[in-house]
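Here is a colleague's note, in numbered points, to be read slowly with the model open beside it. Please look up each place in the structure as it comes up.

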Amino acid sequence: MKNIIFIAPPAAGKGTVSAMICDKYNIPHISTGDLLRDEIAKETKIGMQIKEIIARGDLVSSDIIVKLLKKRLLEKDAKKGYILDGYPRNIDQARGYDELLKELSGEMGKVIFLDIDKEEALKRVTSRIVCPKCGASYNLMTKELAPVREGICDRCDSKLSVRADDNEETFGKRFDTYMKETYPLIEYYQKAGNLVRIDVNGKSTSEVFEEVKKVIV
Ligand code: AMP
């Protein structure tokens, strides 16, 4: 099983596809967004520092991310492969990740670019609801992605809510940040020979999952 990195604009479906891969191959889904939200939920010192930054849609400092990520990658369940979601988000972080892999003797694996148009991403983001407890993500746009019981998490029975940064204004900012900061990574990983592009426009999650499966095993 290869380590996987997803590069995708907000709401391209990386969270949902990641969850499907993890269920099937029993590897952890390591999302830097989740690691950060966890700090906020636990009201740690880091959590207090980053709460406003995340609500604004700005990027959290690389030092904080690397610290949280290193701790997470050293946990036992990450040894047999993992999905890294939301990191690296810019060239600086990609270099930081190369360094971290060297330090941990880890492997890069595959970098999967989920390509989606801005209009379709916006539609998805404004109909997304999430579970604040277990991180599961649902979408009210299609029945396939909606929770079975309205407003309740299928996995842990918690009440679902809208993420603080899932509104049109913050989406616009996050998308622009993605284009400016993250999009250049495509060339970075293409040159390194690790990149695979999957067009997700108009595709269901299961269709995207089928394409991803072919790349990772
Ligand atoms: P996500 O769940 O990946 O959409 O991330 C939500 C928010 O967490 C982002 O808008 C950023 O504020 C922050 N964040 C997540 N990952 C990173 C990262 N690699 N570098 C900087 N900030 C991040």
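Is A8 buried or exposed?

1. A8 is buried, since its relative accessible area is 9%, where buried means under 20% relative accessible area, exposed means over 50% and partly exposed lies in between, all with a 1.4 Å probe and protein chains only. The residue is found in the loop between β1 and α1 (14-25); helices (H or I, at least four residues) and strands (E, at least two) are DSSP runs, numbered from the N terminus. Not counting residues up to four places away in sequence, A8 touches K14, L114 and Y178, contact being defined as heavy atoms within 4.5 Å. A8 and T182 are 174 residues apart along the chain, and their C-alpha atoms are separated by 8.4 Å.

2. A word on the source is needed before going further. This is a predicted model, in which local features need pLDDT of at least 70 and side-chain atom pairs count only at pLDDT 80 or more, while totals for chains, interfaces and linings use all residues. Residues are numbered from 1 along each chain as its sequence is written, and side-chain values use heavy atoms, with hydrogens and water left out.

3. Consider next the sheet, which is open and has five strands in the order β2-β3-β1-β4-β7, with parallel pairing; two strands pair if DSSP finds at least two bridges between them. Because β2 (29-31) and β7 (195-199) stand at the edges, each with a single partner strand, one side of each is left without a neighbour in the sheet. From one strand to the next, the twist averages 25°.

4. Five of its six residues are buried, so β4 is largely enclosed by the rest of the structure. With β7, β4 (residues 110-115) pairs in the parallel sense over five bridges, and with β1 the parallel pairing runs over four bridges. Individual pairs can be traced on the model: I112 has V196 in β7 as its bridge partner, L114 stands opposite I198 in β7, and I4 stands opposite K110 in β4.

5. How does a helix sit against this sheet? Helix α8 (residues 185-192) packs on the sheet and touches β1 (4-7), β4 and β7, its direction making about 145° with that of β1; axes are lines fitted to C-alpha atoms, for helices over the stretch in contact, and angles run from 0 to 180 degrees between N-to-C directions. In α8, the residues L185, I186 and Y189 are buried. They cover an arc of only 100° around the axis, which puts them on the same side of α8, the arc being that of the directions from the helix axis to the C-beta atoms. The buried residues of α8 pack against β1, α5 (91-104), β4, α7 (168-182) and β7, whereas the face turned away from the buried side carries the exposed residues Q190 and K191. Just after α8, G193 takes a positive phi of about 80°.

6. Two packed helices are described by the angle between their axes and the distance between the axes. The axes of α3 (residues 45-56) and α4 (residues 62-73) come within 12 Å and cross at roughly 135°. These two helices, α3 and α4, are therefore oblique to each other, given that angles under 35 degrees count as roughly parallel, over 145 as roughly antiparallel, 65 to 115 as roughly perpendicular and the rest as oblique. The crossing of α3 and α4 is left-handed, meaning that the near helix is turned anticlockwise from the far one by less than a right angle, with clockwise giving a right-handed crossing. Here I46, Q49 and I50 in α3 meet I64, K67 and L68 in α4.

7. The contact is made by K118, A121, L122 and V125 of α6 and by E168, F171, R174, F175 and D176 of α7.

8. Finally, T205 lies in helix α9 (residues 205-216) and counts as buried at 11% relative accessibility. Leaving aside its neighbours within four places in sequence, T205 is in contact with T16, V17, M20, E144 and L145.
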